[in-house]
There are 2 protein chains.
Amino acid sequence: MKSYRSFATCCVALLVVGSGLAGCQQLEAPATTPADVPAQAQAHTVASDTLLDTARQLFQPIPATVDKVRDQPLTEARVALGQSLFFDPRLSGSQTISCNSCHNLGTAGADNVVTSTGHGGQKGPRNSPTVYNSMFNAAQFWDGRAPDLKEQAKGPVQNPIEMNNTIERVHATLTSMPGYVEAFQAAFPGDKQPVSFENMAVAIEAFEATLNTPGSRFDDFLEGKGSLNEQERKGLSLFIDTGCVACHSGVNVGGQAYFAFGAVKRPASSVLPTSDKGRAAVTKDAADDFVFRAAPLRNVALTAPYFHSGQVWDLDDAIRVMAESQLGATLPEADVQAIAAFLRTLNGKAPQVTQPLLPASTSHTPRPL
Amino acid sequence: MKSYRSFATCCVALLVVGSGLAGCQQLEAPATTPADVPAQAQAHTVASDTLLDTARQLFQPIPATVDKVRDQPLTEARVALGQSLFFDPRLSGSQTISCNSCHNLGTAGADNVVTSTGHGGQKGPRNSPTVYNSMFNAAQFWDGRAPDLKEQAKGPVQNPIEMNNTIERVHATLTSMPGYVEAFQAAFPGDKQPVSFENMAVAIEAFEATLNTPGSRFDDFLEGKGSLNEQERKGLSLFIDTGCVACHSGVNVGGQAYFAFGAVKRPASSVLPTSDKGRAAVTKDAADDFVFRAAPLRNVALTAPYFHSGQVWDLDDAIRVMAESQLGATLPEADVQAIAAFLRTLNGKAPQVTQPLLPASTSHTPRPL
């Protein structure tokens with residue numbers, strides 16, 4: 001996968017973390033503070049809206065439905081299996097950590113702490129990105145080391161400081177429960193060995209491909225079904241004109257390519273610790289030092305703390321860090337507020353997910369470590 | 001609360017842990033092994049069934065619906081709030097541990113490990129009991145130190161080795177999110193201070209009162225809607241005739257009173273460690289040394305490992321431990337198998353619960369510890 005380096009003119013909001021939660025019937029996800037709630041949308045005639053025309057060339061709405069991921073169909077059986085696996089803590093060695101522990105569907109698809117807690121209380125090195133809309137990223141992880149969600153799913157399960165399990169133990173665990181054996185058979189009909197670590201990852205990927213948040217106010221704007229207010233339009237204009245869009249575009253408003261963090265000015269070492277070289281650890285190329293995948297910005301207002309280091313809690317601060325480190329600019333406060341107002345229009349509507357009832361462990365299920 | 005002591009003639013299955021998972025449409029909870037699945041039910045004429053008559057005097061089915069807990073109504077708003085709180089990791093100091101972490105609705109309402117993992121990876125001293133059907137217990141915790149679910153909910157939140165939070169921080173967390181403030185107002189209309197630690201506990205209790213598992217094969221038997229097979233009937237007869245029922249009766253087949261573990265013969269120190277004196281720590285009465293609340297046995301086949309120490313993984317072994325420690329008896333293998341077969345008829349049907357989308361944190365939300 002090719003790296004695009006130091007793009008000095010780019011992206012005020014580059015590398016702002018993940019994305020996140022969505023509209024919810026029961027408990028509507030609030031804006032950052034009540035005062036931040038956008039005022040009434042301003043009337044704009046779509047026919048004469050050049051901002052909309054420009055935006056449509058740069059961004060695409062999240063599709064309302066998805067029927068496959070890579071070349072894999074999202075069959076009901078496969079998604080249901082993936083849903084069980086996503087919530088099953090027995091994929092971890094301790095049997096207490098599930099995918100949902102760090103990519104919590106209730107809290108914007110992430111855990112919203114600095115870095116995640118893994119096996120035995122160990123802390124991981126990077127902030128957990130949101131699982132929502134992750135299928136629209138060009139690659140997974142902050143350094144893009146997994147090309148797709150299937151490969152991503154295999155990583156944390158085996159990482160000693162995350163879920164701390166092994167392929168052999170996972171296989172033994174899944175084959176120990178008749179309910180899982182039947183679910184794998186239904187999800188992978190015709191497969192000679194339906195229960196496998198590979199198919200576990202395929203099923204998790206299938207479920208994750210259903211975790212998208214269409215219906216944001218920005219998507220309604222793109223689709224001509226709604227408008228943005230004056231401040232939000234100003235923020236969108238700034239986002240485009242100052243160059244953020246060079247890194248943050250497409251369906252996910254980011255997540256498509258790699259850029260150096262600190263292209264113009266190195267941020268504080270707390271935000272960009274020297275110990276984490278980013279993509280260089282993947283490519284083994286010193287030119288990739290401190291290069292990361294541009295963060296997808298869908299639902300970004302709901303997934304603090306920000307950046308791979310998880311050290312910035314406020315969205316406004318994250319915008320300021322980006323402006324200084326990527327553009328060498330100190331933005332006027334009104335511009336920061338306008339960009340933040342635009343970013344809050346990226347909050348979408350998350351699907352309602354049922355907590356799956358999992359197959360019971362048996363006497364053949366490996367014991368927790 | 002009165003303790004009933006050393007009841008030497010009692011309960012083969014006394015103190016067998018919790019209860020658990022239930023029938024599920026997607027992934028039916030299997031019996032312990034395929035070989036354990038009950039054979040076809042035997043035909044019995046209900047009119048002449050003295051075993052059924054006896055059972056009806058000792059046990060009651062789990063009601064299909066519940067409309068209040070203590071004197072509190074289960075309003076839709078209160079249950080919805082409690083559901084959010086139950087799944088919200090921000091009730092813990094680290095913001096990574098929720099009620100559902102240790103009382104996982106997907107795995108029989110418990111975590112199914114020896115003892116739970118709390119703040120910073122610390123291990124708790126006792127096995128986590130299931131939350132399912134817990135409203136039918138006379139008191140909560142292994143030592144009954146909380147009279148009801150409302151008081152129970154306050155405990156782990158504040159326990160330094162569990163969720164490690166404080167009343168003040170919880171209050172600050174909940175008031176920081178407009179979504180929660182509105183939800184508390186809706187759940188406690190007319191209350192001058194709807195957002196409070198007390199009301200948090202009341203709401204969690206309301207949600208937990210909906211977490212019941214009616215519709216077990218045993219309940220169908222009690223209600224004349226189904227039958228048990230020969231082995232299960234033998235197990236039920238043994239359960240009654242050997243005296244298990246003296247401690248394990250009522251709706252929850254246990255959970256009603258306190259008894260000494262090791263009444264006749266002290267079990268292995270791994271199963272009954274001398275460091276845990278049980279109810280004596282509550283009553284400060286040495287006569288309560290090693291006294292515990294008789295475990296409710298609903299869904300017990302799904303909640304290994306067993307006992308407060310969580311040291312016994314096999315249901316058959318747990319039955320043997322009970323027989324020896326409470327009756328001084330070594331049961332014939334066929335009797336152990338029959339009692340286990342009966343206990344598996346206590347697996348009920350769990351409600352389908354939607355993963356709630358939680359209010360987003362704000363700049364006023366306390367940071368994770």
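The notes below concern a predicted model, in which local features need pLDDT of at least 70, side-chain atom pairs count only at pLDDT 80 or more, and totals for chains, interfaces and linings use all residues. Residues are numbered from 1 along each chain as its sequence is written, chains are lettered from A and ligands numbered from 1 in the order in which they are written, and side-chain values use heavy atoms, with hydrogens and water left out.

1. Surroundings of Glu162(A). This residue belongs to the loop between helix H4 (149–158) and helix H5 (167–175) of chain A; helices (H or I, at least four residues) and strands (E, at least two) are DSSP runs, numbered from the N terminus. Apart from neighbours within four places in sequence, Glu162(A) has contacts with Ile97(A), Gly118(A), His119(A) and Pro156(A), contact meaning heavy atoms within 4.5 Å. Gln122(A) is 40 residues away along the chain from Glu162(A), and their C-alpha atoms are 7.6 Å apart.

2. Chain A overall. The chain has twelve helices and seven strands. Of its 369 residues, 60% count as buried. Among contacts in chain A with a separation of 6 or more, 76% come from residues 24 or more positions apart.

3. Aromatic pairs. A pair of aromatic rings is described by the distance of the centres and the angle of the planes. Rings of Phe, Tyr and Trp (its six-membered ring) pair if their centres lie within 6.5 Å; planes under 30 degrees apart count as stacked, over 60 as edge-to-face and the rest as tilted. Over all chains the count comes to 22 aromatic pairs. In one of them, the ring centres of Phe59(A) and Phe239(A) are 6.3 Å apart and the planes stand at 40°, so the pair is tilted. Phe59(A) lies in the loop between helix H1 (50–58) and strand S2 (68–69) of chain A, and Phe239(A) in helix H9 (residues 230–241) of chain A, so the pair ties together parts that are 180 residues apart in sequence. Phe59(A) is buried at 2% relative accessibility, and Phe239(A) is buried at 0%. Both belong to one aromatic cluster, formed by Phe59(A), Phe218(A), Phe221(A), Phe239(A) and Phe342(A).

4. A pair within a helix. Tyr180(A) and Phe184(A) are four residues apart in helix H6 (residues 178–187) of chain A, and are thus separated by about one helical turn. Both Tyr180(A) and Phe184(A) are buried.

5. Arginines over rings in chain B. Arg145(B) lies over the face of Phe141(B), 3.7 Å from the ring centre. The charged end of Arg279(B) sits over the ring of Tyr258(B), at 3.9 Å from its centre. The criterion is that NZ of Lys or CZ of Arg is within 6 Å of the ring centre and within 35 degrees of the ring normal.

6. H2 against H7 in chain B. Helix H2 (residues 76–87) and helix H7 (residues 197–208) of chain B pack at an angle of about 100°, with their axes 7 Å apart. Axes are lines fitted to C-alpha atoms, for helices over the stretch in contact, and angles run from 0 to 180 degrees between N-to-C directions. H2(B) is therefore roughly perpendicular to H7(B); angles under 35 degrees count as roughly parallel, over 145 as roughly antiparallel, 65 to 115 as roughly perpendicular and the rest as oblique. The residues of this contact comprise eleven nonpolar, two polar and two charged. Here Ala, Val, Leu, Ile, Met, Phe, Trp, Tyr, Cys and Pro count as nonpolar, Asp, Glu, Lys and Arg as charged, and the others, Gly among them, as polar.

7. Backbone points to check. A cis peptide bond joins Ala304(A) and Pro305(A), with omega about 0°, and the bond from Ala304(B) to Pro305(B) is cis, with omega near 0°. Gln95(B), a residue other than glycine, has a positive phi near 65° and is buried at 5% relative accessibility. Phe290(B), also not a glycine, has a positive phi of about 65° and is buried at 13%.

Note on methods:
Buried < 20%, exposed > 50% of the residue type's maximum accessible area, 1.4 Å probe, protein only.
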